Amino acid sequence: MPSSPPAGASTEEDAAIATSAAADAGDPEPQRNKGRRRRKKRRPRAPTEEEVAARRLVLRWACPGREVATDDGQAAEAGRARVRRPRVAVELHAHSARSDGTLSPAELVERALRNGVKVFALTDHDTMAGVPEAVEAAKRHPIRIIPGVEISAVHSPSDGSGSGAEEPVHILAYYGSWGPARPQELERFLAGIREGRYARANEMLLKLGGLGMPIKLEDVCKIAGNGVAPGRLHVARAMVDAGFVEDLRQAFSRGSEPTGESVVQLVCRTGGVTVLAHPWTLKNPGAVIKNLKAAGLHGIEVYRSDGKVSGLSDLADTYELLKLGGSDFHGRDDKEEPDVGSVDLPVLSVFKFLEIAKPIWHNAIKEIFASMSERTTDLNGSNGFRRICSAGDFCILRLSSEDPDLTSASEV
């Protein structure tokens with residue numbers, strides 16, 4: 001005969017608590033039931049119609065004409081309750097050997113394909129030199145390449161009080177398949193970052209040596225990372241590591257590196273979508289995001305290979321920003337490094353990204369054609385132009401050309 005609930009357990013919840021207490025006291029039967037409850041897994045929720053439709057639209061954009069044969073069956077499967085929410089493998093943050101990665105752009109695309117990635121953005125540090133190779137490698141495969149770049153900058157407190165330390169920030173820029181509207185302006189800016197940082201680093205090291213604080217450039221470059229141009233903050237960190245100063249604020253006051261706000265404005269001006277990279281590394285992400293949003297920021301990275309960062313997700317909601325993410329793959333010999341396509345980015349986040357990006361990219365194309373229309377005679381016979389068969393071909397031509405008449409895009 002089952003025992004009655006103990007006195008005072010007048011509700012089912014109280015009875016459950018009493019049963020759990022009995023199990024803790026050594027009662028074997030409740031303990032077995034508790035074990036069975038632990039083993040029971042929650043059934044995955046059924047995907048919404050919105051998610052299924054978003055997946056279909058993202059696939060049609062990513063692989064036009066190639067996904068139709070299989071997408072309807074997959075979408076039908078996704079509509080069943082036992083199947084996890086629909087997903088499109090997307091990689092929006094990866095580096096090649098053109099900056100500090102180990103794989104060539106073509107090898108990176110091949111790896112993405114093996115991992116089932118349908119949308120891939122190459123985002124090398126301060127250069128888009130690898131994009132043409134990535135676009136060429138993807139031509140014969142069902143994968144969409146987003147020309148991208150991760151631009152180095154610095155954030156300084158904007159309250160004018162001088163309180164708070166500067167810290168490096170990285171802005172991800174995503175362009176349409178025709179590339180930036182003003183590629184020459186963008187490349188001048190990126191080249192200025194790359195060359196200026198090396199020059200300033202050398203100049204600072206010479207001055208520090210004269211002050212009795214010798215630091216080697218290779219030590220600074222090691223702190224910056226392979227392929228990344230060293231900056232003032234990397235020199236400051238080398239000074240801290242060498243014991244010459246106690247902290248970064250003591251090392252330097254505000255310098256001449258580009259601010260995060262100026263980078264965001266440049267990308268917006270050249271027809272790109274801006275996203276703050278790995279904001280979880282920042283000391284004060286709220287202040288940084290607030291300032292960058294005012295400059296035109298479109299989104300922040302929220303998703304990582306280990307899931308969503310809830311605090312950053314709340315900040316994205318507060319400032320009405322896109323919630324994106326990527327693996328930040330470099331191809332290092334590190335078993336813990338997330339692989340290409342490993343970030344489980346919700347298909348609705350990808351769809352919202354495209355909703356924001358497509359009008360921006362469309363306007364960039366209009367600006368590109370407007371600048372081209374001023375050189376009609378060139379299009380009809382100049383040796384500076386060759387036959388263009390696709391947007392991918394045009395992106396390769398624009399991003400790899402050294403002809404200023406071809407790559408310049410004048411004000412409309």
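Trainee: Which residue in S5 stands opposite Tyr174?

Mentor: Val273 in S5 stands opposite Tyr174. Before going on, some ground rules. This is a predicted model, where local features need pLDDT of at least 70, side-chain atom pairs count only at pLDDT 80 or more, and totals for chains, interfaces and linings use all residues. Residues are numbered from 1 along each chain as its sequence is written, and side-chain values use heavy atoms, with hydrogens and water left out.

Trainee: How many helices and strands are there in the chain?

Mentor: Helices (H or I, at least four residues) and strands (E, at least two) are DSSP runs, numbered from the N terminus. The chain has 17 helices and 8 strands.

Trainee: What share of the residues is buried?

Mentor: Buried means under 20% relative accessible area, exposed means over 50%, and partly exposed lies in between (1.4 Å probe, protein chains only). Of the 412 residues in the chain, 46% are buried.

Trainee: Which strands pair with S5?

Mentor: Two strands pair if DSSP finds at least two bridges between them. S4 and S5 run antiparallel, joined by 4 bridges. S5 and S6 pair in the parallel sense, over 2 bridges. Val275 stands opposite Gly299 in S6.

Trainee: Where do the side chains of a strand point?

Mentor: In a regular strand, side chains alternate between the two faces of the sheet. Now look at S5, residues 273–276. Val273 and Val275 point one way, Thr274 and Leu276 the other way, and all are buried.

Trainee: Which residues of H12 are buried?

Mentor: In H12, Val288, Ile289, Asn291, Leu292 and Ala295 are buried. To read their placing, take the arc of the directions from the helix axis to the C-beta atoms. Seen down the axis of H12, the buried residues fall within an arc of 165 degrees, so they line one face of the helix. Lys290 and Ala294, on the other side of H12, are exposed.

Trainee: What covers the buried residues of H12?

Mentor: Contact means heavy atoms within 4.5 Å. The cover of H12 includes strand S3 (144–155), S4, helix H11 (260–269), S5, S6 and H13. Gly296 follows H12, and its phi is positive, near 120 degrees.

Trainee: Which residues are buried in H13, and where do they sit?

Mentor: H13 spans residues 310–318, and Leu312, Ser313, Leu315 and Ala316 are buried there. They cover an arc of only 160 degrees around the axis, which puts them on the same side of H13. The face turned away from that buried side carries the exposed residues Ser310 and Thr318. What covers the buried residues of H13 includes helix H12 (285–295), strand S6 (299–304), strand S7 (307–308) and strand S8 (322–325). Just after H13, Glu320 takes a positive phi of about 55 degrees.

Trainee: How many aromatic pairs are there?

Mentor: Rings of Phe, Tyr and Trp (its six-membered ring) pair if their centres lie within 6.5 Å. Planes under 30 degrees apart count as stacked, over 60 as edge-to-face, and the rest as tilted. By this rule there are 4 aromatic pairs. Take Tyr174 and Phe353: their ring centres are 5.6 Å apart and their planes at 80 degrees, so the pair is edge-to-face. Tyr174 lies in strand S4 (residues 167–174) and Phe353 in helix H14 (residues 347–373), so the pair ties together parts that are 179 residues apart in sequence. Tyr174 and Phe353 are both buried.

Trainee: What kind of pair do Trp178 and Phe369 form?

Mentor: Their ring centres are 5.3 Å apart and their planes at 50 degrees, so the pair is tilted. Trp178 lies in the loop between S4 and helix H7 (183–210), and Phe369 in helix H14, so the pair ties together parts that are 191 residues apart in sequence. Trp178 counts as buried, at 18% relative accessibility. Phe369 is partly exposed, with a relative accessible area of 41%.

Trainee: Which residues do ring pairs link into a cluster?

Mentor: The cluster holds Trp61, Tyr174, Phe353 and Trp361.

Trainee: Which residue lies over the face of Trp61?

Mentor: A charge sits over a ring if NZ of Lys or CZ of Arg is within 6 Å of the ring centre and within 35 degrees of the ring normal. Arg144 lies over the face of Trp61, at 4.4 Å from the ring centre. Likewise, Arg304 lies over the face of Trp280, at 4.9 Å from the ring centre.
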